Amino acid sequence: MRDLAREVGLALLNQNARMVTAESCTGGWVAELLTQIPGSSAWFDSGYVTYSNQAKQRMLGVSAETLLVKGAVSEPVVVQMAEGARQDADVDIAVAISGVAGPDGGSERKPVGTVWFAWAIRGYPTVTCLSFFSGDRQAIRAQAVEQALNGVLAYLPAQTCIPEKI
């Protein structure tokens, strides 16, 4: 995953873009990987770890009604998380992640391994994705981190030339 994080950093650097994370079930793991890279302050702004519904509301502006009606692990919540983080940090791209990592907390409608993602990109529509991962808590979280980083690469506007090093 470190190589993937480095690739994200190179892509952001090439675009002269900055990013932010809004994480729930991954608990800041995406931000941790990105900030392990020397020089990441050139393209990484900040990370929000909004594990509780109250934190999602207070820090990212997620609607209490949306949380009540749809639940924290839902498309409208990750959209609000990503858009709130991107706007608050005034950056080019934000990734938001909310899911059920287990071993408890799953339901018939949202079993353990259910994870919603959103990528809010300045000037583009927000993109979402629903994934179902398997394994234990650590495996589910790791798969979510990897998908979040791959999404940044996929949804960052096309690159023309990537520097060799950061």
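Trainee: Which residues does Leu-149 touch, not counting residues up to four places away in sequence?
Mentor: The partners of Leu-149 are Met-1, Leu-4, Ala-5, Val-8, Val-30, Leu-33 and Leu-34, where contact means heavy atoms within 4.5 Å. The model is predicted: local features need pLDDT of at least 70, side-chain atom pairs count only at pLDDT 80 or more, and totals for chains, interfaces and linings use all residues. Residues are numbered from 1 along each chain as its sequence is written, and side-chain values use heavy atoms, with hydrogens and water left out.

Trainee: Why is Leu-149 called buried?
Mentor: Buried means under 20% relative accessible area, exposed means over 50%, and partly exposed is in between (1.4 Å probe, protein chains only). Leu-149 has a relative accessible area of 0%, so the word is buried.

Trainee: Where does Leu-149 lie?
Mentor: Leu-149 is in helix α6. Helices (H or I, at least four residues) and strands (E, at least two) are DSSP runs, numbered from the N terminus. From Leu-149 to Met-59 there are 90 residues in sequence and 22 Å in space, C-alpha to C-alpha.

Trainee: What makes a set of residues a nonpolar core, and which members of the largest one touch the most other members?
Mentor: The set must consist of buried Ala, Val, Leu, Ile, Met, Phe, Trp, Tyr and Cys residues joined through side-chain atoms within 4.5 Å. In the largest such core, of 33 residues, Met-19, Leu-34, Ile-97 and Leu-149 touch the most other members. Two or more residues each come from α1 (2–15), α2 (29–35), β3 (93–99), β4 (114–121) and α6 (137–155). The biggest share is that of α6, with seven residues. Another core lies apart from this one; it has 22 residues, among them Ala-22, Ala-94, Ala-96 and Ala-120. In soluble globular proteins, nonpolar side chains tend to be buried together.

Trainee: Which residues are in contact with Met-19, beyond four places in sequence?
Mentor: Met-19 touches a list of residues including Val-8, Leu-12, Leu-34, Trp-43, Phe-44, Ile-93 and Val-152.

Trainee: How do you know whether Ala-42 is buried, partly exposed or exposed?
Mentor: Its relative accessible area is 45%, so Ala-42 is partly exposed. Ala-42 lies in the loop between α2 and β2 (44–49). Its contacts, leaving aside neighbours within four places in sequence, are Leu-13, Ala-17 and Arg-18. Ala-42 and Met-19 are 23 residues apart in sequence, and 9.9 Å apart in space, C-alpha to C-alpha.

Trainee: And what is the class of Gln-15?
Mentor: Gln-15, which lies in helix α1, has 26% relative accessibility, so Gln-15 counts as partly exposed.

Trainee: Why is the pair of Phe-117 and Trp-119 called stacked?
Mentor: Rings of Phe, Tyr and Trp (its six-membered ring) pair if their centres lie within 6.5 Å; planes under 30 degrees apart count as stacked, over 60 as edge-to-face and the rest as tilted. The structure holds three aromatic pairs. For Phe-117 and Trp-119 the centres are 5.7 Å apart and the planes at 5°, so the pair is stacked. Phe-117 is buried at 0% relative accessible area, and Trp-119 is buried at 1%.

Trainee: What kind of pair do Phe-117 and Phe-133 form?
Mentor: With 6.3 Å centre to centre and 80° between the planes, the pair of Phe-117 and Phe-133 is edge-to-face. The pair links distant parts of the chain: Phe-117 is in strand β4 and Phe-133 in the loop between β5 (127–132) and α6, 16 residues apart. Phe-133 has 13% relative accessibility, so Phe-133 counts as buried. One aromatic cluster is formed by Phe-117, Trp-119, Phe-133 and Tyr-155.

Trainee: What makes Thr-66 count as buried or exposed?
Mentor: The value for Thr-66 is 14% relative accessibility, so Thr-66 counts as buried. Thr-66 lies in helix α4 (residues 64–70). Beyond four places in sequence, Thr-66 touches Gly-71, Pro-76, Val-77 and Gln-80.
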